[in-house]
Amino acid sequence: MAATTIASLLDYETNIEDALRTHFSNTISNTQILTPRVLISSAPILTTPRVAISVNVTGTNPNQTGTRPTYNTDYDSHKLGTVQLIATTRRDGTGQSLGTLRGQCRQAMLSATAALNVNTLPFYQVITLREAATTPLSDPDNDEIMAQISYNLEFYIKPDQWPA
């Protein structure tokens, strides 16, 4: 079934973040899973351990175009970007260790490409989710330590997903 509107089809970030949030919620137990919209809209009480997921679209693969079936015109449908995970736990060591949470995030991402399928992400086909850099972070005011884990993302809009 095609997207209901072009705007909803082109909102890559919401669609992919929500699918990843569902996947992480089903994969990592006892961990709060957040996206930028959850943080903005409901201002939840932040708990640890937690994982914040964000998608950043960085551009279009210059060698790939697709055809919009309805208008019979070319459209840059092959997208490039990053997925950033920020895994956060308590610095004092009384909760889950940061190493364990990092490992759980990586394990979830190993199965993410298969989990992002026609049922969970109908508009797009994910081609690549490849680990890039990991950066240690800390928030001494909240007694938290974090790891930002980045993944290179490559996907395309399925030609049959354009609204009529």
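**Entry 1**

I began at Q32, which stands opposite R50 in β2. A note to myself before going on: this is a predicted model. Three bridges join β1 to β2, and the two strands run parallel.

Next I wanted the whole sheet. In what order do the five strands stand? I read β1-β2-β5-β7-β6, an open sheet with mixed pairing. The edges belong to β1 (32-34) and β6; each has a single partner strand, so one side of each is left without a neighbour in the sheet. From one strand to the next, the twist averages 20 degrees.

Then I went through the antiparallel pairs. β2 and β5 pair in this sense over 10 bridges, and V57 stands opposite G81 in β5. β5 and β7 are also antiparallel, with 13 bridges; here I found A87 opposite A147 in β7.

**Entry 1: helices on the sheet**

I came back to the β1 to β2 pairing, with its three bridges, to see what lies against the sheet. α2 packs on it and touches β1, β2, β5, β6 and β7; the direction of α2 makes about 145 degrees with that of β2. α4 packs on the sheet as well, touching β2, β5, β6 and β7, and its direction makes about 10 degrees with that of β7.

I also checked the geometry of α2. This helix has 16 residues and reaches 22 Å from its first C-alpha to its last, close to the 22 Å expected at 1.5 Å a residue. Which residues of α2 are buried? My list reads Y12, T14, I16, E17, A19, L20, H23 and F24. I noticed that E17 and H23 are on that list too. For reading such a list, I keep in mind that an α-helix has 3.6 residues a turn, so residues three or four places apart point the same way.

**Entry 2: the core**

I looked up the largest nonpolar core and found 32 residues in it; those with the most contacts inside are I16, F24, V83, L85, M109, Y124 and L129. The elements giving two or more residues to this core are α2 (12-27), β2 (50-60), β5 (78-90), α4 (98-110), β6 (124-139) and β7 (144-157). As background, nonpolar side chains in soluble globular proteins tend to be buried together.

Beyond its neighbours up to four places away in sequence, M109 touches L20, F24, V83, L85, L129 and Y151.

L129 came next, and its place is in strand β6. Is L129 buried or exposed? Its relative accessible area is 15%, and the cut-off for buried is under 20%, so L129 counts as buried. Setting aside neighbours within four places in sequence, L129 is in contact with V83, M109, A112, T113, L116, Y151, N152 and L153.

**Entry 3: aromatic rings**

I found four aromatic pairs in the structure. In one of them, the ring centres of Y12 and F155 are 5.4 Å apart and the planes stand at 65 degrees, so the pair is edge-to-face. Y12 lies in helix α2 and F155 in strand β7, so this pair ties together parts that are 143 residues apart in sequence. Both residues are buried: Y12 at 7% relative accessibility, F155 at 0%.

The rings of Y124 and F155 gave me another edge-to-face pair, with centres 5.3 Å apart and planes at 65 degrees. This pair also links distant parts of the chain, as Y124 is in strand β6 and F155 in strand β7, 31 residues apart. Y124 is buried, with a relative accessible area of 1%. I noted that Y12, F123, Y124 and F155 form one aromatic cluster.

Where is the cis peptide bond? I found it from T48 to P49, with omega near 0 degrees. P49 sits in the loop between α3 (36-41) and β2.

I then looked for positive phi values outside glycine. N30 has a phi of about 55 degrees; N30 lies in the loop between α2 and β1 and counts as exposed at 71% relative accessibility. D143 has a phi near 55 degrees; D143 is in the loop between β6 and β7 and is partly exposed, at 22% relative accessibility.

Note on methods:
Residues are numbered from 1 along each chain as its sequence is written. This is a predicted model: local features need pLDDT of at least 70, side-chain atom pairs count only at pLDDT 80 or more; totals for chains, interfaces and linings use all residues. Side-chain values use heavy atoms; hydrogens and water are left out. A nonpolar core is a set of buried Ala, Val, Leu, Ile, Met, Phe, Trp, Tyr and Cys residues joined through side-chain atoms within 4.5 Å. Buried means under 20% relative accessible area, exposed over 50%, partly exposed in between (1.4 Å probe, protein chains only). Helices (H or I, at least four residues) and strands (E, at least two) are DSSP runs, numbered from the N terminus. Contact means heavy atoms within 4.5 Å. Two strands pair if DSSP finds at least two bridges between them. Axes are lines fitted to C-alpha atoms, for helices over the stretch in contact, and angles run from 0 to 180 degrees between N-to-C directions. The expected span of a helix is 1.5 Å times one less than its number of residues. Rings of Phe, Tyr and Trp (its six-membered ring) pair if their centres lie within 6.5 Å; planes under 30 degrees apart count as stacked, over 60 as edge-to-face and the rest as tilted.
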